[in-house]
Amino acid sequence: MALKYFNTLALLFLLVNLSFHENAAAQNDSLGASFIFGDSLVDAGNNNYLSTLSKANIQPNGIDFKASGGNPTGRFTNGRTIGDIVGEELGQPNYAVPFLAPNASGKAILNGVNYASGGGGILNATGSLFVNRIGMDIQIDYFNITRKQIDKLLGESEAREYIMKKSLFSITVGANDFLNNYLLPVVSAGARISQSPDAFVDDMINHFRAQLTRLYQMDARKFVIANVGPIGCIPYQKAINQLNEDDCADLANKLAIQYNARLKDLLAELNDNLHGATFVLADVYDLVMEIIRNHDKYGFTTASTACCGNGGQLAGIIPCGPTSSLCSDRYKHVFWDAYHPSEASNLILAKQLLDGDKRYISPMNLRQLKDI
């Protein structure tokens with residue numbers, strides 16, 4: 001009887017031990033923390049806590065977001081953002097918490113923090129028409145606060161290791177610097193009145209270089225930087241320029257292409273000069289353009305009309321809200337609203353960033369970046 005009892009205990013110990021090692025292996029294999037910076041494409045709710053005209057915490061935003069039961073969370077789409085999907089796929093147990101949310105404290109920040117803000121940009125003047133938004137400089141100030149909190153949670157040595165080797169820094173920014181700055185009518189706050197396109201792009205690149213270097217100085221090492229998508233093809237630009245469904249606003253796309261070429265050079269420069277850092281370029285421009293041009297191949301019926309919105313043939317003028325028209329086939333639309341992709345589009349984008357080849361993400365994809 002005693003031998004049988006001993007064998008049962010030994011078996012139980014073995015099973016617990018195996019379970020512990022499996023969990024530890026899974027933990028070691030998963031992403032440590034995801035730190036997300038940028039604009040409304042990846043905002044997870046920071047703007048909920050600002051007095052701003054740029055908000056998405058109203059229905060029907062989030063209608064397909066299962067984690068909230070279909071309630072709006074401040075995400076500017078019908079479901080998950082690219083940042084949410086990437087975090088899930090890389091093994092994070094929870095979404096990166098918005099920095100301004102009350103629960104962005106304690107051990108929760110070890111999963112990562114989201115600093116992104118609808119209307120935010122590289123330049124501090126960008127998005128001023130929304131009254132309040134968080135630009136990149138302030139987002140990095142906020143990360144500095146998080147960085148000190150992690151020191152207290154883990155101790156300085158372990159915290160540095162955690163940030164450098166186990167954490168991913170995702171930055172999706174730049175579109176607003178054109179849409180809600182340079183391309184604004186000159187009678188408003190647009191920079192066109194005082195700067196040529198070359199000078200404006202120079203200003204963006206110089207500011208972004210300083211911002212990325214500052215993150216590096218706070219121990220960030222694994223970066224994924226999205227370039228600016230084909231902003232001339234979003235429903236808003238098509239609508240205000242009175243374009244046909246298959247046409248895109250030429251100036252907006254030319255500015256994006258000009259900036260993207262400079263961004264590619266900047267990331268090559270930083271990869272050469274910032275020891276131990278890896279800067280991965282996500283070619284969102286070409287990837288989104290591929291989806292738009294061949295939308296039927298991906299299961300979409302339209303790449304021009306917003307699913308949620310009002311105003312004009314493409315529903316591209318008035319932002320998504322409770323009084324907006326809403327499509328019934330949300331997974332058949334490339335665009336959720338006048339500016340932002342649907343969750344169905346975000347899933348395609350995230351898949352390419354996670355597992356794609358150098359055509360869309362280089363010099364490596366995100367699964368490879370996680371493991372270096």
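1. In helix α10, the buried residues (under 20% relative accessible area, with exposed over 50% and partly exposed in between, for a 1.4 Å probe and protein chains only) are E343, A344, S345, N346, I348, L349, A350, L353 and L354. Among the elements that cover these buried residues are α2 (82–89), β6 (278–282), α9 (284–293), β9 (361–362) and α11 (366–371). Helices here are DSSP runs of H or I with at least four residues, strands are runs of E with at least two, and both are numbered from the N terminus.

2. The model is predicted, with local features needing pLDDT of at least 70 and side-chain atom pairs counting only at pLDDT 80 or more, whereas totals for chains, interfaces and linings use all residues. Residues are numbered from 1 along each chain as its sequence is written, and side-chain values use heavy atoms, with hydrogens and water left out.

3. Helix α10 spans residues 343–355, and its 13 residues reach 18 Å from the first C-alpha to the last, close to the 18 Å expected at 1.5 Å a residue. The expected span is 1.5 Å times one less than the number of residues.

4. Helices α3 (residues 136–154) and α6 (residues 197–217) pack at an angle of about 5 degrees, with their axes 10 Å apart; axes are lines fitted to C-alpha atoms over the stretch in contact, and angles run from 0 to 180 degrees between N-to-C directions. The two helices, α3 and α6, are therefore roughly parallel to each other, a term that covers angles under 35 degrees. To the contact (heavy atoms within 4.5 Å), α3 brings M136, D137, I140, D141 and F143, and α6 brings F208, Q211, R214 and L215.

5. There are 16 aromatic pairs in the structure, a pair being rings of Phe, Tyr or Trp (its six-membered ring) with centres within 6.5 Å, called stacked for planes under 30 degrees apart, edge-to-face over 60 and tilted for the rest. The rings of F99 and Y115 have centres 5.6 Å apart and planes at 35 degrees, so this pair is tilted. F99 lies in the loop between β2 (97–98) and β3 (112–114), and Y115 in the loop between β3 and α3, 16 residues apart.

6. Y115, buried at a relative accessible area of 0%, also pairs edge-to-face with F143, at 6.2 Å centre to centre and 85 degrees between the planes. F143 is in helix α3, 28 residues from Y115, and counts as buried at 0% relative accessibility.

Methods:
Angles under 35 degrees count as roughly parallel, over 145 as roughly antiparallel, 65 to 115 as roughly perpendicular and the rest as oblique.
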